[in-house]
Amino acid sequence: MEKLKQRVGEIFFPDDPLHKFKNQTLPKKLLLGLQFLVPVFEWGPQYNLKLLRSDVVSGLTIASLAIPQGISYAKLAKLPPIIGLYSSFVPPMIYALLGSSRHLAVGPVSIASLVMGSMLTQEVSATEDPTLYLKLAFTATFFAGLFQASLGLLRLGFVIDFLSKATLVGFTAGAAVVVSLQQLKGLLGIVTFTTKMEIVPVISSVFHSRDEWSGPTIMMGVLFLMILLSTRHISMKNPKLFWVSAAAPLTSVIAATLASFMFSSKLHGVKIIGHLPKGLNPPSMDMLLFSSSHLAVAIKTGIVTGILSLTEGIAVGTTFASLANYPVDGNKEMMAIGAMNMVGSCTSCYVTTGSFSRSAVNYNAGAKTAVSNTVMAAAVLVTLLFLMPLFHYTPEVILAAIIITAVIGLVDYRAAGRLWKVDKLDFAACLCSFVGVVFVSVPVGLSVAVGVSMFKVLLHVTRPNAVVLGNLPGTQIYQSVQRYGEAERVASFLIVAVESPIYFANSTYLKERGFECRIMRCIREEEELIEANKETAGLKYVVVDMTAVSAIDTSGIELLCEVRKTLEGRSLQLVLANPGGTVMEKLHLSKSLQLFGSNGLFISVGEAVAHISSLSKAHREVI
C-alpha cells in the first residue's frame with residue numbers, strides 16, 4: 001500500500017502541493033489553503049503603487065486590442081458582436097483572482113471561436129434560430145469550463161498532452177487559412193455566402209457571387225488590411241514599437257467608423273454593424289440548456305473548445321512565465337480558466353482563454369501582475385456603459401481585416417520546416433492535421449490531429465527500438481554498431497539494448513521482431529563469419545542492456561523467461577545488464593532472478609563481458 005501510495009503520488013502529485021501545509025498551525029493552514037485556491041491573496045499584500053502604474057498602462061494597451069478583437073471574434077463564432085465585449089469583461093476579472101500567470105491576457109480567441117461556430121452551425125442555424133444558437137453557445141461554454149476545472153481539480157492535465165506540438169502546428173495553420181477565407185465575405189461585401197468552411201466550397205462561393213462584390217468595400221478592406229499588416233511587421237521587426245500594432249486595430253476601427261459616418265452617402269454597399277445595446281452583461285443562467293435534445297452537441301462542442309482553449313492558454317502562460325522567470329501552476333491555470341468560463345456562461349459570455357497576441361502586448365507593455373486584466377475589464381466596462389452607440393457605423397469589413405491580421409501569425413511555416421528537418425513522422429502528422437482542417441472540416445481536422453497524436457503514442461509504445469551494441473576500442477563503453485562505425489562486436493557475445501519499458505503492449509513485438517529475430521540473424525552472420533575465417537569460437541552469450549528499461553510487467557517478465565528458454569535450446573546463455581530498481585524488484589518478486597543464476601545478472605554491460613570472458617578463459621585453461 002505504501003508503494004501504491006507513492007506511485008499514485010508521483011503520477012498525480014509530482015510537485016507535492018501539500019508540502020507547505022506540513023507542521024503548520026490550523027490558522028496558518030487555512031491561510032495557505034486560501035492562497036492556494038485564490039492566488040491573489042498570496043501576492044496581493046505586496047502590491048504597491050509602482051506595480052499599479054505598470055499594470056494600468058499595460059491594461060489600457062491591451063484593452064485597445066481586446067475591444068475590436070472581441071467584436072470580431074464573436075462574429076467568427078456566429079454570435080452577436082456584443083457577446084464578444086461581454087466576454088472581455090467578466091472572465092478577465094475572474095482570472096485576475098484565480099490565475100497564476102502575471103502576463104496572460106484573457107478574452108475570446110480565434111481558434112475556439114471558429115471551432116464553436118463550425119460545430120454549432122452543424123446542428124442549429126445562427127440566422128434561422130439565433131436564440132437557440134445563443135443558448136447552445138452558453139451551454140457549450142459552461143461544459144467547457146466544467147471540463148477544464150475538472151482536469152485541474154483532479155490533476156489530469158496530461159489529457160491535453162495528446163495534442164502534440166506537431167499536430168497543433170498543422171491544426172492552427174489550417175484553422176488560420178479557414179478563418180481568413182471566411183473573411184472574404186466581409187472583405188468583398190458578399191451577401192449570399194456558403195455556410196461551409198472547407199476551402200473548395202468557400203472559393204466556389206466567392207466566384208459564384210462575383211455580381212455581389214462591392215467596390216467601396218474592397219477598397220476599404222484592402223487599405224486597412226495593408227495598414228494592419230504593416231503595423232504588425234513594424235512591431236515584429238522592432239519589439240520596442242509593440243504599441244504600434246497594439247493600437248492599430250482600435251485606431252483602424254475609429255478611422256473606418258468615422259469614414260463610414262461622414263461618407264455614408266458615397267460608400268454604397270459597405271455593411272455596418274448597426275445597433276449594439278448598452279449596459280452590463282445580462283445574466284444568462286436561465287439560457288443554459290441541460291434538458292434539451294441538443295445537449296449532446298453542446299457537451300461535445302464544450303469539450304472540444306475546452307481542450308483547445310486550455311491548450312492555448314497554458315502554452316501562452318508558460319511561455320511568458322519562462323521569459324520572466326517565475327513559476328506557473330498548470331493545475332491552477334486549468335481551474336482558473338474553467339472557473340471563468342463557467343461564470344462567464346452565466347453572464348452572457350462564450351469560451352475565453354489566454355490570447356497569444358494580447359498576452360504578448362501585455363508582456364511588452366510592462367505588465368507586472370494579473371491586475372492588468374482588471375484594468376482591461378474596466379476599460380471594456382466603460383465602453384459597454386457609455387461608448388456602444390459609437391460603434392453603430394463601424395463597417396464589417398474592418399472586422400474582417402482585423403481577424404485576418406490576427407490569425408495570419410498562426411501559420412508557422414518555420415515550425416513546419418523544422419519538423420520536416422528533424423522528424424518526418426511529426427511533419428506527416430502536421431500535414432494531416434492541416435489538410436483535414438482545410439479540405440474536410442474543422443472538427444474532422446481536430447479529430448485527425450488527435451488520432452495522429454494517439455497513433456504516434458501507440459507506435460512508440462508498441463514498436464520500441466532495440467539496437468545491437470558494440471565496444472568502443474580502449475573503453476568499457478558500448479554503443480550502437482549502426483551509429484558508431486568504430487564500435488566493434490565482441491567475440492562470442494551478442495549485446496542488445498532495449499530502449500523502452502517491456503510490458504504487454506510491446507512484448508509480442510520484442511519477442512517476434514526484437515530479440516529472437518535479431519539473435520537468429522546475428523547467429524547466421526556469426527556462422528558465416530566463422531566459416532569464412534575458419535574460426536572455432538562461436539556465439540555463446542546474449543547480453544541484454546536494460547539501462548533504458550524503466551518498467552516491466554508480468555508480460556515482460558514472461559517474455560524474458562521465454563527468450564531464456566529459447567536460447568538455452570540453442571546452447572546460448574541470456575544475461576541481463578543494469579536493470580533498474582523497479583525492474584529488479586519485480587524480477588525478484590516473480591522469482592525470475594533465480595532462473596538467471598549468479599552469472600546471469602550484472603550491473604553493467606562492461607562488467608558482464610569482462611566477468612564472463614574471464615570465466616570462459618579460466619574454464620578453457622582448466623580444460
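This is a predicted model: local features need pLDDT of at least 70, side-chain atom pairs count only at pLDDT 80 or more; totals for chains, interfaces and linings use all residues.

Colleague: Start with H12. How many residues does H12 have, and how far does it reach?

Modeller: H12 covers residues 215-237, so 23 residues by the helix assignment. From first C-alpha to last, H12 reaches 33 Å. That is close to the 33 Å expected at 1.5 Å a residue.

Colleague: Which residues of H12 are buried?

Modeller: Thr217, Met220, Gly221, Phe224, Leu225, Leu228, Thr231 and Ser235.

Colleague: And what do the buried residues of H12 pack against?

Modeller: Three helices: H10 (184-188), H13 (242-262) and H18 (396-407).

Colleague: What about Cys430? How far is its sulfur from the closest cysteine sulfur?

Modeller: 9.3 Å, to the sulfur of Cys432, so that is too far for a bond as well. Cys430 is buried, at 7% relative accessible area.

Colleague: Now rings. How many aromatic pairs does the structure hold?

Modeller: The structure holds 10 aromatic pairs. One of them is Phe142 with Phe143: the centres are 5.7 Å apart and the planes at 80°, so this pair is edge-to-face.

Colleague: Are Phe142 and Phe143 buried or exposed?

Modeller: Phe142 and Phe143 are both buried. Phe142 also pairs with Phe290, with centres 5.4 Å apart and planes at 70°, so that pair is edge-to-face too.

Colleague: Where in the chain are Phe142 and Phe290?

Modeller: Phe142 is in helix H8 (residues 130-153). Phe290 is in the loop between H13 and helix H14 (295-324). The pair links distant parts of the chain, 148 residues apart.

Colleague: Why does Phe142 count as buried, and what does Phe290 count as?

Modeller: Phe142 has 19% relative accessibility, so it counts as buried. The cut-off for buried is under 20%. Phe290, at 43%, counts as partly exposed. Phe142, Phe143 and Phe290 form one aromatic cluster.

Colleague: Last topic, charges over rings. What sits over the ring of Tyr326?

Modeller: The charged end of Arg102, 4.2 Å from the ring centre. Lys424 lies over the face of Trp420, at 4.9 Å from the ring centre.

Key. Residues are numbered from 1 along each chain as its sequence is written. Side-chain values use heavy atoms; hydrogens and water are left out. Helices (H or I, at least four residues) and strands (E, at least two) are DSSP runs, numbered from the N terminus. The expected span of a helix is 1.5 Å times one less than its number of residues. Buried means under 20% relative accessible area, exposed over 50%, partly exposed in between (1.4 Å probe, protein chains only). Contact means heavy atoms within 4.5 Å. A disulfide is a pair of cysteine sulfur atoms within 2.5 Å. Rings of Phe, Tyr and Trp (its six-membered ring) pair if their centres lie within 6.5 Å; planes under 30 degrees apart count as stacked, over 60 as edge-to-face and the rest as tilted. A charge sits over a ring if NZ of Lys or CZ of Arg is within 6 Å of the ring centre and within 35 degrees of the ring normal.
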